[in-house]
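Please read it alongside the sequence and the coordinates.

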Amino acid sequence: MATSLRQIAEAIDLDRSTVQAAAAPFLMIMRAAGTLGRCPCGKERYHPRICAGNHKRLGGQRVIDEGRRSAIIAAILTGALYKDIGSAFGVDRASIRKYLRFLTPAQLERRKALERARFNERILAPVARPSRDALYRRIAATVPRWLDNHLQDDVISETYLAVLEGALSTSDLRPAVERFAKVARDTFASKWGARSIDAPIAPGTDLRLADCIADPSALAAFDDIFEEAL
């Protein structure tokens, strides 16, 4: 049985401040109920500071699973997502992040570099499009990855058409593509964008948005009643 918060922290491999914050309300309840007990040194159980009575390890040995800690740190250094590491070891994302305190400055920088590389690959990498047309491939390479696939194709088509019509120079492709991408997002991807009034009001129903628009002529009778009341 643990006789100190330090032992509990070591048993579950967390820092002592985290355990102290979590245990504080329970200690208050136990103290009020008179069930807190005494430490072997004579003071109140779980008292702050080290004493000869509560400094002993559980079972006389260090209880931290060094193999588990090493495995988690190795997974962190691969650049894997915290949630994926947490799922593999059966803990939440926040608990995995606490293992960063065991990393050296060089290892922390390595982890950050891997995170930046993953971000750049996901967001900034050019879109691959199978096409023999050099202009098409050039436009596709500048389309942002945060757009859905069908919207990416729409942006490529709009930009391609603008170049063919002479409205856009090939030297201004990137800013034009970014502008078209934002318009496509705001119009079709955003929930505040434009919607057809013939679209169903919800999935699985034939009720259209147009059916919810009030007919002004239907309110004329209420206007007559209101005027008569006045």
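In helix 1, the residues L5, Q7, A9 and E10 are buried. The cover over the buried residues of helix 1 includes helix 2, and the buried residues of helix 2 in turn pack against helix 1 (5–12). The model is predicted, and the points below are grouped by topic.

**Helix 1 and helix 2**

- D13 follows helix 1 and has a positive phi, near 60°.
- Helix 2 covers residues 16–33, which makes 18 residues.
- From its first C-alpha to its last, helix 2 reaches 25 Å, close to the 26 Å expected at 1.5 Å a residue.
- At A23, helix 2 bends by about 40°; a proline, P25, follows within four residues.
- A23 is also one of the buried residues of helix 2, together with V19 and L27.

**Nonpolar cores**

- The largest nonpolar core has 16 residues. Those with the most contacts inside this core are I139, V143, L147, V155 and L168.
- Helix 7, helix 8 and helix 9 (173–189) are the elements that give two or more residues to this core.
- A second, separate core has 11 residues, among them I72, L77, I85 and L100.
- L147, listed above for its contacts inside the largest core, touches Q152, V155, A181 and R185 when residues up to four places away in sequence are not counted.

**T159 in helix 8**

- T159 has its place in helix 8.
- The relative accessible area of T159 is 0%, so this residue counts as buried.
- Leaving aside neighbours within four places in sequence, T159 is in contact with I139, L168, L173, V177 and F180.
- Of these partners, I139 and L168 are also listed among the residues with the most contacts inside the largest core.

**Aromatic pairs**

- The count of aromatic pairs comes to 2.
- One of them joins Y99 and F102, with 5.9 Å centre to centre and 55° between the planes; this pair is tilted.
- Y99 counts as buried because its relative accessibility is 6%, whereas F102 is partly exposed, with a relative accessible area of 26%.
- Y136 and Y160 have ring centres 6.4 Å apart and planes at 55°, so this pair is tilted.
- Y136 lies in helix 7 (residues 134–140) and Y160 in helix 8 (residues 149–164), so the pair ties together parts that are 24 residues apart in sequence.
- Y136 has a relative accessible area of 22% and is therefore partly exposed.

**Charges over rings**

- R111 lies over the face of Y82, at 4.3 Å from the ring centre.
- The charged end of R179 sits over the ring of F180, 5.5 Å from the centre of that ring.
- F180 is also one of the contacts of T159, a buried residue.

Notes. Residues numbered from 1 in each chain as written. Predicted model: local features only at pLDDT ≥ 70, side-chain atom pairs only at ≥ 80, totals over all residues. Heavy atoms only, no water. Phe/Tyr/Trp six-rings, centres within 6.5 Å; stacked < 30°, edge-to-face > 60°. Buried < 20%, exposed > 50% of the residue type's maximum accessible area, 1.4 Å probe, protein only. Lys NZ or Arg CZ within 6 Å of the ring centre and 35° of its normal. Expected span 1.5 Å × (residues − 1). Bend = angle between axes of the 7 residues up to and from the residue. Contact = heavy atoms within 4.5 Å. Core = buried A, V, L, I, M, F, W, Y, C linked by side-chain atoms within 4.5 Å.
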